[in-house]
Amino acid sequence: MTSPSSPSAVAHRPLVHHTGAWYFPVAFIARLPFAMMTVGVLALVVAARGSVALGGLTSAAVGLGVVFAGPVLGDLADRYGQRRVLVPAGVLNGILLAVFPLVVATATVDGMLLAAAVAIGLTGPQTAAMSRTRMMALIGERVHPDRRQRTFSRAMAYESAADETAFVIGPFVVGVLAALIAPWAPIAVAAVLSFVFVTAFALHPTGRAVPERSERAAMAPFRELLHPRMLVLVAAVFGVGLFFGSTLTSLTAFMEAQGAPEAGALLYGVMGVGSAVLALAVAVLPARFTLRWRLIVFSVVLTASAGAYTVGGSVVAVTAVLCLMGIGVGPSLVTLFSLAGARAPRGRTASTMTLLASALTLAQAAASAVTGAVAESVSVSTAMLFPDAAALLVLAMAAVNASASPRWDADARTV
C-alpha cells in the first residue's frame with residue numbers, strides 16, 4: 001500500500017498542495033501594481049495637467065519601458081532564477097512609483113515626466129509571467145503524469161483569469177482611489193503593493209521550482225520564439241493591448257467631455273465585470289471546444305461589441321456596451337495565454353510569457369498615445385473607432401491560428 005508521504009501519493013495531490021494556500025492570493029495581489037501603473041499614470045497626468053494627449057503619451061512611456069525591459073527580465077529569470085530578478089525590480093519599482101506624484105507636481109518640462117514614466121516601466125515586475133512559469137514547472141515536476149494535462153489546462157485558465165481580473169480590478173481601484181481621495185492616491189497604493197507583495201512573491205518557496213539554466217537541459221534557441229505559431233499569438237495579444245489602450249483612453253476622453261475625467265478609469269472597470277466572470281468560466285468549458293475555436297468565437301463577440309462602442313451616445317449606453325465588450329475580451333486573453341503556455345519552447349517559458357506581456361503593454365501604450373492625440377486634436381467620436389479596429393486584428397489572427405493550428409501542432413510534436 002502506498003504511504004501518504006511517498007512520491008506517488010504526493011504526485012496525486014492537488015496543485016495547491018505544492019504551492020501552499022497563501023501562494024495564490026500573494027501572486028494575485030503582486031499583479032496589481034503592474035495593472036495599476038499605466039492607468040494610474042494616465043489618470044494622474046490628465047488630472048494634474050489637463051491634457052489627455054500628454055496623459056496618453058506618459059502612459060505610453062511607461063509601456064515602452066516595460067516593452068524594453070520585459071523580455072530582458074524574462075531571459076534573466078530563465079537563466080539565473082526569479083528571485084535574483086524580482087526582488088530588486090520590485091523594490092526599485094516601488095521607489096519610482098512613490099516619487100512619481102512629486103515629479104508630476106514639480107516637473108517644469110514634459111521630458112522629465114516622460115523619463116520618470118519610462119523608468120517605472122523599465123522596473124515593472126513581470127509577476128504574471130513568472131507565476132505561469134512556476135505553475136508549469138510545478139506541474140511538470142510534482143504532478144502525476146496522468147493528471148498533468150488536466151492540471152495544466154486548469155492552471156493556465158486560472159492564471160489568465162487572474163491576469164484579466166487584475167487588469168479589471170487595477171483600473172477600477174485607480175478610479176475609486178482617484179475619485180475618493182486624490183489622483184495621486186492610486187500611484188501611492190501601487191508603490192506600497194510593489195514593495196510588499198512583489199517582494200513576498202519573489203521570496204515565496206515556489207520560486208525554487210523553476211531551475212536555473214545550470215540545473216536543467218539546454219534552452220531552446222531564441223529563434224523558436226519567432227516561429228509563426230508563436231508570432232500569431234504575439235500579434236493577437238498585441239491586438240488585445242491595442243483594444244485595452246484605445247478603449248481606456250477614448251473612454252477617459254469621453255468622460256472628460258462629460259466633466260468627470262477621473263471617472264474614466266472607474267467606468268473602464270465596468271467592462272471587466274463580464275470579462276472577469278467569463279475568463280474564470282473558461283476553465284470549465286468542455287475540452288471538445290478547443291482553444292483555436294474558442295479564440296474565433298470570443299474574438300467575434302469582441303469585434304461585434306466594439307463596433308457598437310463606436311456609436312457612443314450617453315454614459316448609460318456606453319456602460320452597457322462595455323459590459324458586452326468584457327464578454328469577448330476576457331476569454332480571448334485567457335485562450336491566447338493558454339495557447340502560448342502549450343507552445344512555449346523548451347526552457348523558454350518565462351521568455352514566452354514576458355514576450356506576450358510586452359506585446360500587450362506596447363500595444364496598450366501605443367494605442368493610449370495615438371488615441372489621446374486623436375481625441376484632443378480631432379474628436380472623441382473618432383477616437384472611439386479605434387477599439388473596433390483593434391478587435392478586427394484579434395479576429396484576423398484568430399482566423400490565421402484556426403487555419404494553421406493543425407499543421408503547426410503536428411510540426412511541434414515532431415521536434
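Colleague: Is Ala-320 buried, partly exposed or exposed?
Modeller: First, a word on the source: this is a predicted model, where local features need pLDDT of at least 70, side-chain atom pairs count only at pLDDT 80 or more, and totals for chains, interfaces and linings use all residues. Residues are numbered from 1 along each chain as its sequence is written, and side-chain values use heavy atoms, with hydrogens and water left out. Buried means under 20% relative accessible area, exposed means over 50%, and partly exposed is in between (1.4 Å probe, protein chains only). Ala-320 has 44% relative accessibility, so the label is partly exposed.

Colleague: Where does Ala-320 sit?
Modeller: Helices here are DSSP runs (H or I, at least four residues), numbered from the N terminus. The run that covers residues 315-343 includes Ala-320, and that is helix 13.

Colleague: Which side chains meet in a salt bridge?
Modeller: A salt bridge needs a side-chain nitrogen of Lys or Arg within 4 Å of a carboxyl oxygen of Asp or Glu. The structure holds 1 of them. At 3.5 Å, N to O, the pair is Asp-110 and Arg-49.

Colleague: How many residues apart in sequence are the parts that this pair ties together?
Modeller: Both partners are partly exposed, Asp-110 at 38% relative accessibility and Arg-49 at 29%. Asp-110 lies in helix 6 (residues 110-122) and Arg-49 in helix 3, so the parts they tie together are separated in sequence by 61 residues.

Colleague: What is the volume of the largest cavity?
Modeller: Rolling a probe the size of a water molecule over the atoms shows where empty space is left. A cavity is a set of points, on a 1 Å grid over the protein atoms alone, where a 1.4 Å probe fits but cannot get out. Searching the whole structure turns up 6 cavities of 30 Å³ or more. With volume taken as the space filled by probe spheres set on the points, which are joined across faces, edges and corners, the largest cavity comes to about 170 Å³.

Colleague: Which residues lie nearest the centre of that largest cavity?
Modeller: Lining residues have an atom within 4 Å of a point. The elements giving two or more residues to this lining are helix 3 (23-49), helix 7 (127-142), helix 8 (145-180) and helix 14 (349-377). Of the 17 residues that line the largest cavity, the ones nearest its centre are Phe-34, Ala-128, Asp-163, Phe-167 and Ala-357.

Definitions and conventions: 1 Å grid on protein atoms, 1.4 Å probe; cavity = no way out; pocket = protein on both sides within 12 Å on 5 of 7 lines; lining within 4 Å.
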